[in-house]
Amino acid sequence: MNELRTVRVVEGGPILVEGPVRIELPNGNTVESDRFMVAICTCRRSKMYPLCDTSHRKCARSGKRSA
């Protein structure tokens with residue numbers, strides 16, 4: 001039986017997943033991380049998408065949202 005993983009949704013931020021993980025993208029590519037905690041981008045601003053690089057913080061500080 002597989003071990004349960006914890007997934008935490010951060011309001012205004014990424015989804016945190018206990019690692020290691022393999023992320024399968026819609027185009028068929030995969031991204032793997034062996035870190036103990038992985039932040040998955042939900043805003044699509046990350047230069048490392050699908051992994052979060054904290055780009056969401058810039059938008060939150062300025063109070064402006066880009067289209």
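This is a predicted model: local features need pLDDT of at least 70, side-chain atom pairs count only at pLDDT 80 or more; totals for chains, interfaces and linings use all residues.
Leaving aside its neighbours within four places in sequence, which residues is Ser 55 in contact with? They are Arg 45 and Ser 46, where contact means heavy atoms within 4.5 Å.

Residues are numbered from 1 along each chain as its sequence is written, and side-chain values use heavy atoms, with hydrogens and water left out.

The protein chain contains 5 strands and 1 helix. Both are DSSP runs numbered from the N terminus: helices are H or I with at least four residues, and strands are E with at least two. Along the sequence the order is β-β-β-β-β-α. Of the 67 residues in the protein chain, 27% are buried; buried means under 20% relative accessible area, exposed over 50%, and partly exposed in between, with a 1.4 Å probe and protein chains only. The accessible surface of the chain is about 5600 Å², and carbon and sulfur atoms hold 50% of this surface. Such areas come from the Shrake-Rupley method with a 1.4 Å probe; for residues, only the protein chains shown count as cover. Among contacts with a separation of 6 or more, 17% are between residues 24 or more positions apart.

The largest nonpolar core has 6 residues: Val 17, Val 21, Ile 23, Val 38, Ile 40 and Leu 51. A nonpolar core is a set of buried Ala, Val, Leu, Ile, Met, Phe, Trp, Tyr and Cys residues joined through side-chain atoms within 4.5 Å. Strands β3 (21-24) and β5 (37-40) each give at least two residues to this core. Beyond four places in sequence, Val 17 has contacts with Thr 6, Val 7, Phe 36, Met 37, Val 38 and Ile 40.

Ser 33 belongs to strand β4 (residues 30-33). Ser 33 counts as buried because its relative accessibility is 13%. Beyond four places in sequence, Ser 33 is in contact with Pro 20, Val 21 and Val 38. Its side chain also reaches the backbone nitrogen of Arg 35 at 3.3 Å.

Ser 55 sits in the loop between β5 and α1 (56-62). Ser 55 is buried because its relative accessible area is 16%. The side chains of Ser 55 and Asp 53 are joined by a polar contact of 2.5 Å. A polar contact is a pair of N or O atoms within 3.5 Å; within protein, one must be able to donate a hydrogen and the other to accept it, and residues adjacent in sequence count only if both atoms are side-chain atoms.
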